[in-house]
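Good morning, and thank you for joining.

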Amino acid sequence: MKGFTRPDPGFALCGLVCALCPMHHMERSCPGCGGGEGNQSCAIARCSLQHGGVEHCFQCPEYPCAKYEGFFDCDSFLPHRCVPENVRRAQEAGLDALRQALREREDILRDLLAGYNDGRRKTFFCTAAALLPLADLRQAREVISTQYPLTLPEKERSAGAAEVLRALAAERAIDLKLHKKSKKA
(Lines give C-alpha, C1' and ligand atoms only; values in the text may rest on other atoms or scores of the structure.)
Protein backbone atom coordinates (compact mmCIF):
# COMPACT_ATOMS: atom_id res chain seq x y z
CA MET A 1 0.00 0.00 0.00
CA LYS A 2 1.46 3.32 -1.05
CA GLY A 3 2.95 5.32 1.82
CA PHE A 4 2.72 2.46 4.29
CA THR A 5 5.97 1.15 5.74
CA ARG A 6 6.86 -0.51 9.01
CA PRO A 7 10.17 -1.01 10.81
CA ASP A 8 9.50 -4.77 11.23
CA PRO A 9 7.60 -6.09 8.19
CA GLY A 10 8.04 -9.67 9.43
CA PHE A 11 5.50 -9.22 12.23
CA ALA A 12 2.28 -7.79 10.83
CA LEU A 13 -0.07 -5.24 12.31
CA CYS A 14 -2.71 -7.91 12.79
CA GLY A 15 -0.38 -10.29 14.66
CA LEU A 16 0.42 -12.63 11.76
CA VAL A 17 4.08 -13.54 11.38
CA CYS A 18 4.84 -12.65 7.78
CA ALA A 19 8.39 -13.94 8.20
CA LEU A 20 6.96 -17.48 8.55
CA CYS A 21 4.77 -17.27 5.43
CA PRO A 22 5.56 -19.37 2.36
CA MET A 23 4.97 -16.32 0.14
CA HIS A 24 7.75 -14.53 2.01
CA HIS A 25 10.13 -17.41 1.31
CA MET A 26 9.22 -17.85 -2.38
CA GLU A 27 11.85 -15.58 -3.92
CA ARG A 28 10.54 -12.89 -1.60
CA SER A 29 7.30 -12.60 -3.61
CA CYS A 30 5.75 -10.85 -0.62
CA PRO A 31 7.82 -8.48 1.50
CA GLY A 32 5.56 -8.72 4.54
CA CYS A 33 3.34 -6.16 6.20
CA GLY A 34 4.52 -2.70 5.24
CA GLY A 35 7.61 -4.06 3.53
CA GLY A 36 7.53 -1.79 0.51
CA GLU A 37 7.19 -2.86 -3.12
CA GLY A 38 5.01 -5.91 -3.51
CA ASN A 39 3.18 -5.16 -0.27
CA GLN A 40 -0.50 -5.90 -0.68
CA SER A 41 -3.30 -3.44 -0.06
CA CYS A 42 -4.72 -4.12 3.38
CA ALA A 43 -7.76 -2.74 5.19
CA ILE A 44 -5.93 -3.18 8.50
CA ALA A 45 -3.01 -1.07 7.24
CA ARG A 46 -5.43 1.67 6.19
CA CYS A 47 -7.05 1.45 9.62
CA SER A 48 -3.64 1.80 11.30
CA LEU A 49 -2.95 4.97 9.34
CA GLN A 50 -6.37 6.32 10.34
CA HIS A 51 -5.61 5.57 14.01
CA GLY A 52 -2.31 7.41 14.19
CA GLY A 53 -0.09 4.66 12.82
CA VAL A 54 -0.24 2.15 15.67
CA GLU A 55 2.55 -0.39 15.27
CA HIS A 56 0.28 -3.35 16.09
CA CYS A 57 -3.51 -3.58 16.25
CA PHE A 58 -3.47 -4.87 19.81
CA GLN A 59 -2.03 -1.51 20.85
CA CYS A 60 -5.18 0.23 19.61
CA PRO A 61 -7.82 0.91 22.29
CA GLU A 62 -10.50 -0.45 19.90
CA TYR A 63 -8.81 -3.88 19.53
CA PRO A 64 -10.28 -6.34 18.76
CA CYS A 65 -12.60 -4.49 16.40
CA ALA A 66 -15.03 -5.60 13.71
CA LYS A 67 -12.13 -6.19 11.28
CA TYR A 68 -11.29 -9.27 13.36
CA GLU A 69 -14.71 -10.90 13.13
CA GLY A 70 -14.06 -14.34 11.65
CA PHE A 71 -10.33 -13.53 11.24
CA PHE A 72 -9.20 -16.54 13.28
CA ASP A 73 -11.67 -19.00 11.71
CA CYS A 74 -9.69 -19.59 8.53
CA ASP A 75 -6.15 -19.21 7.28
CA SER A 76 -4.51 -17.54 4.32
CA PHE A 77 -0.96 -18.60 3.43
CA LEU A 78 -0.16 -18.99 7.10
CA PRO A 79 -2.24 -19.90 10.15
CA HIS A 80 -4.31 -17.19 11.76
CA ARG A 81 -4.74 -19.36 14.87
CA CYS A 82 -1.39 -18.18 16.19
CA VAL A 83 -2.41 -14.50 16.34
CA PRO A 84 -4.08 -14.57 19.80
CA GLU A 85 -1.00 -16.29 21.24
CA ASN A 86 1.34 -13.77 19.56
CA VAL A 87 -0.72 -10.90 20.96
CA ARG A 88 -0.77 -12.45 24.45
CA ARG A 89 3.01 -12.97 24.40
CA ALA A 90 3.66 -9.42 23.18
CA GLN A 91 1.45 -8.00 25.92
CA GLU A 92 2.99 -10.15 28.66
CA ALA A 93 6.66 -10.30 27.68
CA GLY A 94 6.90 -7.22 25.46
CA LEU A 95 7.48 -6.78 21.77
CA ASP A 96 11.25 -7.20 21.96
CA ALA A 97 10.95 -10.62 23.59
CA LEU A 98 8.30 -11.68 21.10
CA ARG A 99 10.40 -10.49 18.15
CA GLN A 100 13.40 -12.43 19.46
CA ALA A 101 11.30 -15.61 19.66
CA LEU A 102 9.91 -14.97 16.18
CA ARG A 103 13.44 -14.56 14.79
CA GLU A 104 14.35 -17.92 16.32
CA ARG A 105 11.27 -19.48 14.70
CA GLU A 106 12.33 -17.99 11.37
CA ASP A 107 15.87 -19.36 11.79
CA ILE A 108 14.48 -22.85 12.43
CA LEU A 109 12.20 -22.48 9.41
CA ARG A 110 15.13 -21.44 7.22
CA ASP A 111 17.04 -24.55 8.34
CA LEU A 112 14.05 -26.74 7.48
CA LEU A 113 13.58 -25.12 4.08
CA ALA A 114 17.28 -25.25 3.22
CA GLY A 115 17.91 -28.86 4.19
CA TYR A 116 14.59 -30.69 4.24
CA ASN A 117 12.21 -29.16 1.71
CA ASP A 118 11.72 -31.53 -1.19
CA GLY A 119 9.75 -28.88 -3.06
CA ARG A 120 6.43 -30.03 -1.62
CA ARG A 121 6.65 -29.17 2.07
CA LYS A 122 7.25 -25.42 2.25
CA THR A 123 3.73 -24.60 3.49
CA PHE A 124 3.82 -27.49 5.95
CA PHE A 125 7.14 -26.33 7.43
CA CYS A 126 5.89 -22.72 7.60
CA THR A 127 2.72 -23.85 9.38
CA ALA A 128 4.70 -25.95 11.86
CA ALA A 129 7.06 -23.03 12.55
CA ALA A 130 4.07 -20.79 13.27
CA LEU A 131 2.02 -23.16 15.44
CA LEU A 132 4.34 -25.44 17.39
CA PRO A 133 5.70 -24.16 20.71
CA LEU A 134 9.22 -22.81 20.34
CA ALA A 135 10.61 -25.47 22.70
CA ASP A 136 9.14 -28.17 20.43
CA LEU A 137 10.68 -26.53 17.37
CA ARG A 138 14.07 -26.52 19.06
CA GLN A 139 13.65 -30.18 19.95
CA ALA A 140 12.50 -30.98 16.40
CA ARG A 141 15.55 -29.28 14.89
CA GLU A 142 17.85 -31.34 17.10
CA VAL A 143 16.07 -34.64 16.40
CA ILE A 144 15.82 -33.95 12.67
CA SER A 145 19.47 -33.00 12.27
CA THR A 146 20.52 -36.11 14.21
CA GLN A 147 18.18 -38.68 12.67
CA TYR A 148 18.00 -37.22 9.16
CA PRO A 149 21.44 -35.76 8.36
CA LEU A 150 21.97 -33.86 5.15
CA THR A 151 23.88 -36.84 3.77
CA LEU A 152 20.62 -38.78 3.35
CA PRO A 153 18.64 -38.50 0.11
CA GLU A 154 16.43 -35.40 0.00
CA LYS A 155 13.15 -37.33 -0.16
CA GLU A 156 14.04 -39.36 2.95
CA ARG A 157 15.21 -36.26 4.86
CA SER A 158 12.06 -34.36 3.95
CA ALA A 159 9.68 -37.17 4.92
CA GLY A 160 11.57 -37.74 8.18
CA ALA A 161 11.50 -34.07 9.14
CA ALA A 162 7.77 -33.87 8.41
CA GLU A 163 7.11 -36.96 10.54
CA VAL A 164 9.06 -35.51 13.50
CA LEU A 165 7.01 -32.31 13.31
CA ARG A 166 3.72 -34.21 12.93
CA ALA A 167 4.52 -36.35 15.99
CA LEU A 168 5.25 -33.29 18.12
CA ALA A 169 2.07 -31.63 16.89
CA ALA A 170 0.03 -34.76 17.68
CA GLU A 171 1.38 -34.78 21.25
CA ARG A 172 -0.01 -31.25 21.67
CA ALA A 173 -3.18 -31.85 19.63
CA ILE A 174 -2.11 -29.17 17.14
CA ASP A 175 -3.52 -29.42 13.63
CA LEU A 176 -0.80 -28.54 11.12
CA LYS A 177 -3.23 -28.09 8.22
CA LEU A 178 -4.34 -24.69 7.03
CA HIS A 179 -8.05 -24.07 7.53
CA LYS A 180 -9.59 -22.77 4.33
CA LYS A 181 -12.63 -20.54 4.25
CA SER A 182 -15.74 -22.64 3.79
CA LYS A 183 -17.64 -22.17 0.57
CA LYS A 184 -20.99 -20.55 1.17
CA ALA A 185 -24.06 -22.24 -0.26
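What does the accessible surface of the protein chain come to, and what percentage of it belongs to carbon and sulfur atoms? The surface comes to about 10,300 Å², and carbon and sulfur atoms hold 52% of that. These areas come from the Shrake-Rupley method with a 1.4 Å probe, and for residues only the protein chains shown count as cover.

Some words on the source. This is a predicted model, in which local features need pLDDT of at least 70 and side-chain atom pairs count only at pLDDT 80 or more, while totals for chains, interfaces and linings use all residues. Residues are numbered from 1 along each chain as its sequence is written, and side-chain values use heavy atoms, with hydrogens and water left out.

Let me turn to the overall architecture. The protein chain has seven helices and zero strands, giving the pattern α-α-α-α-α-α-α along the sequence. Helices (H or I, at least four residues) and strands (E, at least two) are DSSP runs, numbered from the N terminus. Of the 185 residues in the chain, 44% are buried. Here buried means under 20% relative accessible area, exposed means over 50%, and partly exposed lies in between, with a 1.4 Å probe and protein chains only. Among contacts with a separation of 6 or more, 70% are between residues 24 or more positions apart; a contact means heavy atoms within 4.5 Å.

Next, the interior. In soluble globular proteins, nonpolar side chains tend to be buried together. The largest nonpolar core in this model has 51 residues, and L112, F125, I144 and L165 touch the most other members. Two or more residues each come from α2 (43-50), α3, α4 (95-116), α5 (122-131), α6 (134-147) and α7 (154-171). Helix α4 gives the largest share, eight residues. By definition, such a core is a set of buried Ala, Val, Leu, Ile, Met, Phe, Trp, Tyr and Cys residues joined through side-chain atoms within 4.5 Å. Leaving aside neighbours within four places in sequence, L112 is in contact with N117, F125, I144, A161 and L165.

Now consider helix α3, which spans residues 83-93 and includes N86. Is N86 buried or exposed? N86 counts as buried because its relative accessibility is 7%. Beyond its neighbours within four places in sequence, N86 is in contact with F11, G15, V17, L98 and L102.

Finally, the charged pairs. A salt bridge is a side-chain nitrogen of Lys or Arg within 4 Å of a carboxyl oxygen of Asp or Glu, and by this rule the count comes to twelve. In one of them, R88 pairs with E85, the closest N and O atoms being 2.4 Å apart. These two residues are three apart in helix α3, so about one helical turn separates R88 from E85. E85 also forms a salt bridge with R89, with the closest N and O atoms 2.9 Å apart. Where does each of these residues stand in accessibility? R88 is partly exposed at 33%, E85 is partly exposed at 30%, and R89 is partly exposed at 41%.

R110 is partly exposed, at 37% relative accessible area, whereas E106 is buried, at 10%. The two lie four residues apart, about one turn of the helix.
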